[in-house]
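The sequence and the coordinates are shown first.

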Amino acid sequence: MRTEYIALKVEGEFHWGFSIRFAGASASAHAYIVPPPTTLIGAIARNLVNSETSIFENKIYSSAMKLLSIFKVMTFRYLKGDGEQIPLPIPFTDIIKASRIPYIRIEHRKRKEQWFGISGFGRIYAPATKFNLLYVVDYEKLKQMNYNEEDLKKAALSMTNIGSKEGMTSIQNVEVGTVEEVKNEIVCSFYVPFDIVERAKGSYTLVDLPYPDKYWYVFRGAVRPFKYHRKFLVPARLIVFMDPCEVELKISKKGVCFKCSFPKEEIFIAWYRWSI
């Protein structure tokens, strides 16, 4: 295991929940049940980079793309409540009346009865639900971009929302830890790519999530967005609400397992070997 990797753990709490809707969906835009890896990069990039956009290959990109080489792993888990506080993240779709004018052909825009239509607006309601974000960071590349551990911690502590600006959060603690490669059988509570899982024991939910690629960061309309999704295993039972748990995993040769050590906790995760 290369020694220049560090782990960044962020603990926070949702005010009411979050809304990160399926990429490419319009009229029926359900929400992802967990914040995708692309969102986790954007959440910390907002406070780490100096500008929102940058030019690359004569195209305008989000500046978050600059951080793709720094963050090797980015994953998420809901935390179980203490005592009487039980987290109940609930996938929900609000039915709203929305403008259809941008989607109507010019010759039909005179027909006022077509100006509005019914749409589904996906949300995850999770009031007072606590969560962890976990990043594995290439420290050498972090230094090459003139950042350090303190910059990471300040950026994480400054997170105000996950996903859309309405998904307000309160960050309660940030820790930096060490990273060590371990054997391929672990007990995990963070989501992992499903195609590296050889065997899983326990309750889990499978979900397609956007995977970090420069495709997501260029300013243009979405084209075949599901080409850039990957299936993830989320250690949580989805009944009516998300019930977080742990899953015993055996990881294939395509993946690699890490132990991230913090002062009061050791966390085991798995990710793609080729991304490290």
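This is a predicted model: local features need pLDDT of at least 70, side-chain atom pairs count only at pLDDT 80 or more; totals for chains, interfaces and linings use all residues.

One of the residues involved is Phe18, whose bridge partner in β8 is Ile124.

Strand β8 also pairs with strand β7 (residues 90–99), again in the antiparallel sense, and this pairing comprises 10 bridges. Here Ser99 has Phe116 of β8 as its bridge partner.

## The six-stranded sheet

An open sheet is built from 6 strands in the order β6-β9-β1-β10-β19-β20, and its pairing is antiparallel. Its edges are formed by β6 and β20, each of which pairs on one side only. From one strand to the next, the twist averages 30 degrees.

Within this order, strand β10 (residues 169–182) and strand β19 (residues 255–262) are antiparallel partners connected by 5 bridges. Glu180 faces Lys259 of β19 in this arrangement. Strand β10 also contains Val174. Is Val174 buried or exposed? Its relative accessibility is 10%, so Val174 is classed as buried, the cut-off being under 20%. The C-alpha atom of Val174 lies 6.3 Å from that of Lys153, although the two residues are 21 positions apart along the chain.

## The three-stranded sheet

A further open sheet has 3 strands in the order β11-β18-β13, paired in the antiparallel sense. Strands β11 (185–188) and β13 (197–201) each have a single partner strand, so one side of each is left without a neighbour in the sheet. Neighbouring strands are turned against each other by 25 degrees on average, with direction ignored.

The pairing between β11 and strand β18 (residues 247–251) is antiparallel and extends over 4 bridges. In this pairing Ile186 stands opposite Leu249 of β18.

## Helix α1

How many residues of helix α1 (residues 37–45) are buried? The helix is mostly covered, with 8 of its 9 residues in the buried class. These buried residues are Pro37, Thr38, Thr39, Leu40, Ile41, Ala43, Ile44 and Ala45.

## The enclosed cavity

The model has 1 cavity of 30 Å³ or more. The largest cavity holds about 70 Å³ of space. Its lining consists of Val34, Phe76, Arg77, Tyr78, Ser189, Phe190, Tyr191, Val234, Pro235, Ala236, Pro244 and Cys245.

Strand β6 (residues 71–78) supplies the largest share of this lining, namely 3 residues. By class, the lining of the largest cavity divides into 10 nonpolar, 1 polar and 1 charged residues. Cys245, one of the lining residues, has a relative accessibility of 12% and therefore counts as buried.

## The second largest pocket

The volume of the second largest pocket is about 190 Å³. Its lining has 14 residues, of which Arg77, Cys188, Ser189, Glu246 and Glu265 are the closest to its centre. Two or more lining residues are contributed by each of β6, β11 and β20 (265–272).

Which element gives the most to the lining of the second largest pocket? Strand β20 does, with 4 residues. The lining of this pocket comprises 8 nonpolar, 1 polar and 5 charged residues.

## Cysteines

A disulfide is a covalent bond between the sulfur atoms of two cysteines. The rule used here requires the two sulfur atoms to lie within 2.5 Å, and by this rule the count is 0 disulfides.

Cys260 has a relative accessibility of 0% and so counts as buried.

Technical notes:
Residues are numbered from 1 along each chain as its sequence is written. Side-chain values use heavy atoms; hydrogens and water are left out. Buried means under 20% relative accessible area, exposed over 50%, partly exposed in between (1.4 Å probe, protein chains only). Two strands pair if DSSP finds at least two bridges between them. Axes are lines fitted to C-alpha atoms, for helices over the stretch in contact, and angles run from 0 to 180 degrees between N-to-C directions. On a 1 Å grid over the protein atoms alone, a cavity is a set of points where a 1.4 Å probe fits but cannot get out, and a pocket is an open set with protein on both sides within 12 Å along at least five of seven lines; lining residues have an atom within 4 Å of a point. Grid points are joined across faces, edges and corners, and a volume is the space filled by probe spheres set on the points. Ala, Val, Leu, Ile, Met, Phe, Trp, Tyr, Cys and Pro count as nonpolar, Asp, Glu, Lys and Arg as charged, and the others, Gly among them, as polar.
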